[in-house]
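Visitor: Hi, I'm new to this one. Can you put it on screen and walk me through it?

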Amino acid sequence: MIEALSYDFVQNALIAGVLVSISIGIIGALVVVNRMVFLAGGIAHSSYGGIGLAIYFGIPMALSTSLFAVASALLISWLSIYHKNRIDSFIGLIWAVGMAIGIVLVDLSPGYHGDLMSYLFGSIMAVSHSDIWIMTILLITILLFVHIFYREILAISYDSEYASLRGIKSHLFYTLILVLSALSVVVAIKVVGLILVIAMMTIPTFIAEKLSKSLYMMMILSALFAFVFTMLGLILSYIFDLTSGATIILTSAFGMGVYGVISYIKSRI
Amino acid sequence: MSSKVIEINNVNFSYGKQKALLNITFDVKEHQFTAVIGPNGGGKSTLVKLMLGLLEPNSGSVKILNMQPKNAREFVGYVPQYIDVNLDFPITVLDVVMMGNKKEHLKESISIFKRLFPIKYSDIEIKCAYSTLQKVGMQDYIDRKIGDLSGGQRQRVMIARALCSHPKLLILDEPTSNIDPQGQKEIFELLKELNRDLTIFVVSHDLAVVSEYAQKIIYINREAFVHDLGNDTLGATSKSNGHFCQVEMMQMLKGLKR
C-alpha cells in the first residue's frame, strides 16, 4: 500500500479525491438544503451530452462537459423559477435528452472512443495534472463564494421569498448554486462518475445535516465526511481491486448505516 | 386624526383569465388591528402579495404608508404562511432573526471587513436580535436550533424576525395555522400587545379568534366587505356584488354570536 504512494497516478488520485470530496461536500450541503437533489441529478446525467460532443468534435472533454453542464444548469434554473409547477417533467426531459445526445454522438463518431464506462462510474486513477488544476480552481471558487455570500446563501436557502423582500437577489444566488453544482458534477465525473455523483453529494450531507446547528457547520461536516468516505473507498478499492467510484459510494452508504444504528441506539438509551 | 397606513383603491387582479380580486377598496389607519378572513382561494394571500409589492394590480392602486408597496418594504414587517417547513434545516433562532435586519445593518454587514467574517454577528447585531426576541418572549432560545422549537415558539421567532427592522406595519399571513388553540391565543395576545406600537394586518381563516382582537374585519371572497368593529358600521365596498359578500359576512358573524 505504502509503495503505491510513490506512483504519480496514485498521488494524483489521492489529491483529486481530497479536492473533489471537499467541493462536493460543500455544494452537496447547498443542494440538499435548497431541495435541488433532483435538479442536480438532471444536470449530472445530461452532462453525458458534453462527453458525446467532445468525442464527436474532438474538443477537450473538460471544456465540452463543463459548457454542457452549465447550459443545463441555466436552463433548469430558469425552468424551476418560471415554470415551477412542471419542473419534475422538465428535469426528466433534460436528464434523458442530454444522455441521448451523448449516446447518439458517440455512435456517430468513427474509431475507438476509449472506456466510456469510466465516465459513468469514474476512473480516478486516470486523473491528470491539468485535472488537478481544474479541481483546485473550482474548490477555491466554491470556498470564496460560500464564505463571502454566506448570509445571502443562508437567507435564500431558508426562505427565498422573504430574502427577496429584504433585497437579496434570490434568483441570482439560486442560479449560481446550480451552476457551481454543475461544475462540481463535472469534476466529480473523474472520481465517481456521473451516475454515482448524486450519492456522493447527498450521503455525507444527510449525516452532516443531522449533526449541525448551522449551515456553515453542515458544509464543514459534509466536506469532512465526503473526504473520509472517499479516502476509505479509495483504500478499499486498491486493496480489493474494485471500481473506485462504486467502492466510495458503498463506503459512504455503510457510513450512513453506521450513523443510523448509532442514532437509533442513542434514542433508545 | 390618525394617518392611513394602508390604502387600497378599486383594485382588480387576475391570474390569467381567472379573476382573483374585484374592485377591492379599503383603508387601514395607524395602530388599527385589522383582520382579513375568507374562504381558501378567496384572494387573501393575493391581497398580501399586492401589499408587499410581489404582485402588481391590473387596475386600481395600492399604497402603503403613502408609498408604492416596493418602496415601503423597509417599513413593513412580514410573517409568511408556513405550510412546508424543513425542520431539519440547520439554523439557529439568532440566524433567523438576523434575516429581518434593517437595510443599514445589512449594508454594514456587507462591508469588506464583514465580508471576511460573514458568520460572525457584530455585538450591535446580537444586541438588536436579543431585544427583539425579548419582545416575543423568546430571548432564552437565541442559540437553539429552530427545528427543535414547537410550532408556537417558531411562529414567535418569525414575528421577531419581522420586528427586527422596527416596522410601522406588521403583516401576518395565517400566523396560527397548525398551532393548537392555546398557542393561537398566545400569538394573538402577543399581537395585541405589539399593536400598541404598530399597525397589525393579519390574514386568518378563523373568524372566532380574530373577532376577539381585531378592530376591523375585512371579509374577502374575490370581493371585499369591511366590518369596522370600532363603530359597528357595515358597508359593502365591492360595487358589483357587494350584497352577496354582505350576506355571507353577516351569516358568519351571526354564527359566531351563537
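Visitor: How many bridges join strand S1 to S4 in chain B?

Guide: 5 bridges join them. S1 covers residues 4–15 of chain B, and the two strands run antiparallel. Keep in mind that this is a predicted model.

Visitor: Which residue stands opposite B:Ile8 in S4(B)?

Guide: That is B:Val62.

Visitor: What order do the strands of that sheet take?

Guide: The order is S2-S1-S4 in chain B. These 3 strands form an open sheet with antiparallel pairing. From one strand to the next, the twist averages 20 degrees.

Visitor: Which strands stand at the edges?

Guide: S2 (18–29) and S4 of chain B do. Each has a single partner strand, so one side of each is left without a neighbour in the sheet.

Visitor: Is B:Asn66 buried or exposed?

Guide: Exposed. It has 11 other C-beta atoms within 10 Å, and a residue with 12 or fewer counts as exposed.

Visitor: Over in chain A, what is phi for A:Arg35?

Guide: Phi of A:Arg35 is near 55 degrees, a positive value in a residue other than glycine. A:Arg35 sits in the loop between helix H1 (8–33) and helix H2 (37–46) of chain A. A:Arg35 is exposed, with 11 other C-beta atoms within 10 Å.

Visitor: Let's go back to strands. How many residues of S3 in chain B are buried?

Guide: 5 of its 5 residues. S3 spans residues 33–37 of chain B and is mostly covered.

Visitor: Which residues lie on each side of S3(B)?

Guide: B:Phe33, B:Ala35 and B:Ile37 are on one side. B:Thr34 and B:Val36 are on the other. They are all buried, and both faces are covered.

Visitor: How many bridges join S3(B) to S7 of chain B?

Guide: 4 bridges, and the two strands run parallel. S7 takes in residues 199–203. B:Val36 has B:Val203 as its bridge partner in S7(B).

Visitor: And in what sense do S3(B) and S8 of chain B pair?

Guide: In the parallel sense, over 4 bridges. S8 is residues 216–221. There, B:Tyr219 is the bridge partner of B:Ile37.

Visitor: New topic. How many residues does each chain bring to the contact?

Guide: Chain A brings 21 residues and chain B brings 17. On the side of chain A that touches chain B, the elements giving two or more residues are helices H7 (129–148), H8 (150–158), H9 (160–165) and H12 (215–240) of chain A.

Visitor: Which one gives the most?

Guide: H8(A), with 5 residues. The residues on that side of chain A divide into 12 nonpolar, 4 polar and 5 charged.

Visitor: Last one: where is A:Met99?

Guide: In helix H5 of chain A, residues 87–108. A:Met99 is buried, with 20 other C-beta atoms within 10 Å.

Visitor: What does A:Met99 touch, beyond residues up to four places away in sequence?

Guide: A:His45, A:Ser46 and A:Tyr48. A:Met99 and A:Gly42 are 57 residues apart in sequence, with their C-alpha atoms 9.8 Å apart in space.

Terms used
Residues numbered from 1 in each chain as written. Chains lettered and ligands numbered in written order. Predicted model: local features only at pLDDT ≥ 70, side-chain atom pairs only at ≥ 80, totals over all residues. Pairing = 2+ DSSP bridges. Contact = placed C-beta atoms within 7 Å. Nonpolar A, V, L, I, M, F, W, Y, C, P; charged D, E, K, R; others polar. Axes fitted to C-alpha atoms, helices over the stretch in contact; angles between N-to-C directions.
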